[in-house]
Amino acid sequence: MSEAAATPQRLAAEALGSALLLAAVVGSGIMGERLAAGNVGIALLANTAATGAMLFVLITIFAPISGAHFNPVVSAVAASQRYITWTLCAAYVAAQLIGAVIGVAAAHAMFEMPIAQISLRARFGAAQLFSEFVATFGLITTIMATIRYAPTRVAAAVASYIMAAYWFTASTSFANPAVTVARSLSDTFAGIRPIDAPAFILAQFGGAIVAMLLSSWLHARPR
């Protein structure tokens, strides 16, 4: 099947996967905060578990259709490595952003909250930005190495990495520009102020570029 013929299914998979991912991220954050009785650690643990589980499922079911990117930096790296065209990459990013925003709205609706929100949760500073650089660097490194050496384990590797990065990064590992934009529209446990989002996104792309260059060198086949 040609790329053009497969594109509607690919875009639908990227949009649906992004929507379900954000519904899990934001919804579990709301539920965790409500049930944790002020214990932020317990709320974060619930948020982590739900996000990791959902990632594993989404990558497993959608990877055969679209590659299960759900992340503009992953799509950009895939285009740079010539797995997809830049035209398809742009379409993927649009689908991811639309799906992510829909997922946030769905989470709000499920918990009887206002659908349209703007986050007031501050996330700024050098430590937060470095955390996003590290989180995205590790994510791209994980994906590139696993695709090369253990392609059947991508879902488990990515889900495991994100669950770990929730806890070892000060930013709780957004590592995804579409997620960052969508979470700026949720004034909940998972939110980020819109004013803080652009710097997060720049750090994410920086981490992705460094990871791609380093991984390409590490995994280069000897002549």
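How much space lies in the largest pocket? About 910 Å³ of space lies in the largest pocket. The views below come from a predicted model, in which local features need pLDDT of at least 70 and side-chain atom pairs count only at pLDDT 80 or more, while totals for chains, interfaces and linings use all residues. Residues are numbered from 1 along each chain as its sequence is written, and side-chain values use heavy atoms, with hydrogens and water left out.

**View 1. The largest pocket and its lining.** A pocket is an open set of points on a 1 Å grid over the protein atoms alone, where a 1.4 Å probe fits, with protein on both sides within 12 Å along at least five of seven lines; lining residues have an atom within 4 Å of a point. Grid points are joined across faces, edges and corners, and the volume is the space filled by probe spheres set on the points. The lining of the largest pocket has 47 residues, with Gly67, His69, Val74, Ile143 and Ile147 nearest its centre. Two or more lining residues come from each of α1 (3-35), α2 (40-66), α3, α5, α6, α7 and α8. Helices here are DSSP runs (H or I, at least four residues), numbered from the N terminus. The largest contribution to this lining is that of α2, with eight residues. By class, 30 lining residues are nonpolar, 13 polar and four charged. Nonpolar covers Ala, Val, Leu, Ile, Met, Phe, Trp, Tyr, Cys and Pro, charged covers Asp, Glu, Lys and Arg, and the others, Gly among them, are polar.

View 2. Of the nine residues of α3, eight are buried, where buried means under 20% relative accessible area, exposed over 50%, and partly exposed in between (1.4 Å probe, protein chains only). These buried residues are Pro72, Val73, Val74, Ser75, Ala76, Val77, Ala78 and Ala79. They pack against α4, α5, α7 and α8, contact being heavy atoms within 4.5 Å. Ile84 lies in the loop between α3 and α4 and is buried at 11% relative accessible area. Neighbours within four places in sequence aside, Ile84 contacts His69, Ser75, Ala78, Ala79, Cys89 and Tyr92. Ser66 is 18 residues from Ile84 in sequence, with 10.0 Å between their C-alpha atoms.

**View 3. Helices α5 and α6.** The 24 residues of α5 (residues 126-149) should span 34 Å at 1.5 Å a residue, and the end C-alpha atoms are 34 Å apart, which agrees. For α6 (residues 154-168), the 15 residues should span 21 Å, and the distance between the end C-alpha atoms agrees at 21 Å. The expected span is 1.5 Å times one less than the number of residues. Buried residues of α5 include Gln128, Glu132, Leu139, Ile143 and Met144, and the buried residues of this helix pack against α3 (72-80), α6 and α8. In α6, the buried residues are Val154, Ala155, Val158, Ala159, Tyr161, Ile162, Ala165 and Tyr166. Seen down the axis of α6, these fall within an arc of 160°, so they line one face of the helix. The arc is that of the directions from the helix axis to the C-beta atoms.

View 4. Val104, in helix α4 (residues 86-110), is buried at 2% relative accessibility. Its contacts, leaving aside neighbours within four places in sequence, are Leu22, Val26, Ala182, Arg183, Leu185 and Ser186. The C-alpha atoms of Val104 and Ser186 are 6.9 Å apart, although 82 residues separate the two along the chain. Ser184 is in the loop between α7 (177-183) and α8 (197-218) and is buried, with a relative accessible area of 7%. Not counting residues up to four places away in sequence, Ser184 touches Gln117, Ile118, Ser119, Ile192, Arg193 and Pro194.

**View 5. Two loop residues with positive phi.** Most residues other than glycine have a negative phi. Glu112, in the loop between α4 and α5, has a positive phi near 55°. Thr172, in the loop between α6 and α7, has a positive phi of about 65°. Glu112 is exposed, with a relative accessible area of 77%, whereas Thr172 is buried at 15%.

**View 6. Pro64 in helix α2.** Pro64 is found in α2 and is exposed, with a relative accessible area of 69%. Ala13 lies 51 residues from Pro64 in sequence, and their C-alpha atoms are 9.8 Å apart.
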